[in-house]
Amino acid sequence: MNPLKSPRVYPRLDNVYKHKKSLNYDAMRSKIMVDRPKGRWLYIEEWIAYFFLAIGLAVVSSLIEWMEHGLIHYKVHETQHIIDHHDLALGPAAWAFFAFFSAAMVFIAAFMTVYIGPGSYGSGVAELMGYLNGVNYTSTFGGWTLFVKVFAVVFAVAGGLCIGKEGPLAHIGANVAMLCIYLPINGFEYLRNDVKKREYIAAGTSAGVSAAFGAPIGGTLFAFEISKPNTFWSFDVIWRVFFCCALSTFLLGLVNAIRDGEPLGVYNSSVLKFGYVDTSNAGLGVIPASMLLGLISGLLGAGFVEVNSRLSMLRKKYIKSNWLKIFEACCFSFATATAFYWTPVLSGCKSTDGLNHDALELAVQYDC
């Protein structure tokens with residue numbers, strides 16, 4: 001099949017969708033499963049599993065943030081050390097270390113993804129949408145998938161790739177949920193069916209988004225949105241998912257505070273940091289500028305989607321082997337790191353007076 005036409009033909013001519021199997025929800029509606037003994041302890045164990053999910057995701061999210069910050073801090077400060085002690089101004093040695101270190105991080109991430117945990121490809125959101133709507137993705141969940149997803153995200157971000165953690169954290173949360181219901185705890189075997197798995201994966205997905213943005217309500221609505229038009233949501237499921245989101249966000253703030261030696265609190269309860277935004281009262285004069293900004297942003301967004309779609313078609317056509325995929329990722333990392341290294345030079349030296357702590361963390365001294 002011509003890969004250039006695959007996004008425009010429905011149904012797909014390559015029949016990829018026929019290789020996927022559906023989840024078995026009918027077994028839970030059989031008389032044997034409906035009439036099986038159920039006690040109050042089973043109801044409590046369901047909440048215990050949600051509690052373990054929140055704890056596990058909070059610890060994993062904090063670990064990801066800590067490892068990313070450590071690698072990025074090492075890369076930036078070692079580059080600055082080379083500039084201060086070995087280079088004449090901004091010589092090639094510091095740039096070479098910065099670029100090749102980034103490419104090495106991305107090489108590790110790409111190698112792990114391709115050869116160890118292929119189920120961790122991409123953000124994982126598309127697979128979660130399919131699973132919540134009844135499509136069985138066998139390699140999307142598992143111990144190796146979780147391991148590779150966590151460390152590949154860390155190395156990819158440390159390598160300077162322009163990627164976000166909100167999608168991977170949703171996939172990570174779903175994998176943590178799957179592992180929680182397979183803990184060797186008496187009674188958890190009642191949770192190991194496709195109906196309950198879907199509920200816990202929805203909770204893990206929501207908790208991952210909640211941990212990324214520090215928004216429990218938004219995380220709950222995210223899983224509800226991507227699973228439409230599915231009807232497995234009930235009032236009880238929504239409350240359990242929200243409980244998991246709120247608890248994971250709260251625990252993430254506590255774990256981060258303990259890790260950094262700060263007073264306990266929930267002020268640091270998100271993985272993505274947007275910094276401090278200084279706001280001021282706006283008058284009617286900003287309306288035309290806002291409209292112009294919206295117009296420009298819409299055109300840029302449409303152009304980005306078109307370019308991304310065409311590049312994806314070319315990648316599908318020419319990049320087929322595993323080593324080409326790894327080489328492509330390393331090239332992107334090298335080019336991105338080179339741009340990140342030399343772009344601040346073009347703006348010249350600036351004063352740091354008046355910058356807050358978040359802005360100072362992003363400031364680069366170089367030879368200023």
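Trainee: Leaving aside neighbours within four places in sequence, which residues is Ser102 in contact with?
Mentor: Lys75, Ala158, Gly159, Ser333 and Ala337. Contact means heavy atoms within 4.5 Å.

Trainee: What sort of model is this?
Mentor: This is a predicted model: local features need pLDDT of at least 70, side-chain atom pairs count only at pLDDT 80 or more, and totals for chains, interfaces and linings use all residues. Residues are numbered from 1 along each chain as its sequence is written, and side-chain values use heavy atoms, with hydrogens and water left out.

Trainee: Back to Ser102. Which helix is Ser102 found in?
Mentor: Helix H3. Helices are DSSP runs of H or I with at least four residues, numbered from the N terminus; strands are runs of E with at least two.

Trainee: Is Ser102 buried or exposed?
Mentor: Ser102 has 0% relative accessibility, so it counts as buried. The cut-offs are under 20% relative accessible area for buried, over 50% for exposed and partly exposed in between, with a 1.4 Å probe and protein chains only.

Trainee: Which side chain makes a polar contact with the side chain of Ser102?
Mentor: That of Lys75, at 3.2 Å. A polar contact is a pair of N or O atoms within 3.5 Å; within protein, one must be able to donate a hydrogen and the other to accept it, and residues adjacent in sequence count only if both atoms are side-chain atoms.

Trainee: Switching to H5. How many of its residues are buried?
Mentor: 12 of the 16, so H5 is largely enclosed by the rest of the structure. Among them are Lys149, Phe155 and Ala158.

Trainee: What covers the buried residues of H5?
Mentor: The cover includes helix H2 (40-85), helix H3 (92-116) and helix H6 (166-180).

Trainee: And what follows H5?
Mentor: Gly160, with a positive phi near 90 degrees.

Trainee: Where does Val148 sit?
Mentor: In helix H5. Val148 is buried, because its relative accessibility is 0%. Not counting residues up to four places away in sequence, Val148 touches Met112, Thr113, Ile116, Gly117, Ser120 and Val153.

Trainee: How far is the C-alpha atom of Val148 from that of Val114?
Mentor: 9.8 Å, with the two residues 34 apart along the chain.

Trainee: Last one. At what angle do H4 and H6 pack?
Mentor: About 45 degrees, with axes 9 Å apart. That makes H4 oblique to H6. Axes are lines fitted to C-alpha atoms, for helices over the stretch in contact, and angles run from 0 to 180 degrees between N-to-C directions. Under 35 degrees is roughly parallel, over 145 roughly antiparallel, 65 to 115 roughly perpendicular, and the rest oblique.
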